[in-house]
Amino acid sequence: MKFFIDTANLDEIREAYDLGVLDGVTTNPSLMAKEGISGDANVLAHYKAICNIVDDKVSAEVIATDFAGMVKEGTALAKIDDKIVVKIPMIKDGVKALKYFHSEGIRTNCTLIFSAGQALLAAKAGASYVSPFIGRLDDISYDGMELIAQIVHIYQNYDFETEVLAASVRHSMHLLKCAEVGADVVTCPLKVITGLLKHPLTDSGLATFLADHAKAAGK
Ligand code: E4P
């Protein structure tokens, strides 16, 4: 299972990378805005800065919603660095753009997936990844995890190469459930990854080990 971090914050990306378990980064226009990044040149430079930190797979989202605009923007994003994965929204022109980028050998991440039908369409169009949003479905009383399991099952039935990138992951239990149902990738905030570290028995067990060691050494 791959771990991506869902942020445009360079410090958090560095911290996750230094932990040694990071496989990629996802961003979206809201996350870029949160870091105060605006203007075409600044946005491209920020993506380059992210690519300089990690080994591969940096999702950069297009803003255009028409086919020609998505192709133009996505092509420019892909030129920033070989690590870029062009993020395309699940809309009609987006499906066409997925097909276009597939034929050009440019990797894509189809975002804003909220149904298995949308995931099927994106896979048919050759998306490298689909991003179903767990938390946002949970927020409106639908079972986000059920959707992940359904998409994993459908893709296995037909050996689709598209990877299931579970998104809108809000806590460590989401991440663990994704592992159970076989999501290929999880993208989440840093605190969800570091949350996996925590267990009170680890902390108390380590404290006892260190205390016993000190006692035996006469300290
Ligand atoms: C996915 O790529 C999105 O950036 C993200 O996971 C959305 O998460 P949110 O619902 O917490 O905003």
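This is a predicted model: local features need pLDDT of at least 70, side-chain atom pairs count only at pLDDT 80 or more; totals for chains, interfaces and linings use all residues.

Visitor: What makes Lys87 and Glu61 a salt bridge?

Guide: The closest N and O atoms of Lys87 and Glu61 are 3.8 Å apart. The limit is 4 Å, so the pair gets the label. This pair links distant parts of the chain, with Lys87 in strand β4 (residues 84-89) and Glu61 in strand β3 (residues 58-61), 26 residues apart.

Visitor: Are those two buried or exposed?

Guide: Lys87 and Glu61 are both buried, and that word stands for under 20% relative accessible area.

Visitor: How do you know that Glu163 and Lys2 form a salt bridge?

Guide: Their side chains meet at 2.7 Å, N to O, and the cut-off is 4 Å. Glu163 lies in strand β7 and Lys2 in strand β1 (residues 2-6), so the bridge ties together parts that are 161 residues apart in sequence. In total, the structure holds 10 salt bridges.

Visitor: Why is Lys2 called partly exposed?

Guide: Lys2 has a relative accessible area of 24%. Buried means under 20% and exposed means over 50%, so a value in between is partly exposed.

Visitor: What else does Glu163 touch, leaving aside its neighbours within four places in sequence?

Guide: Besides Lys2, the contacts of Glu163 include Tyr129, Asp184 and Val185. Asp184 is 21 residues from Glu163 in sequence, with 5.8 Å between their C-alpha atoms.

Visitor: What makes Arg170 and Asp139 a salt bridge?

Guide: The N to O distance is 3.2 Å, to be set against the limit of 4 Å. Arg170 sits in the loop between β7 and α9, and Asp139 in helix α7 (residues 134-139), 31 residues apart.

Visitor: And why does Asp139 count as exposed?

Guide: Asp139 has 52% relative accessibility, and exposed means over 50%, so the label holds. Arg170, at 35%, is partly exposed.

How values were computed:
Residues are numbered from 1 along each chain as its sequence is written. Side-chain values use heavy atoms; hydrogens and water are left out. Contact means heavy atoms within 4.5 Å. Helices (H or I, at least four residues) and strands (E, at least two) are DSSP runs, numbered from the N terminus. Buried means under 20% relative accessible area, exposed over 50%, partly exposed in between (1.4 Å probe, protein chains only).
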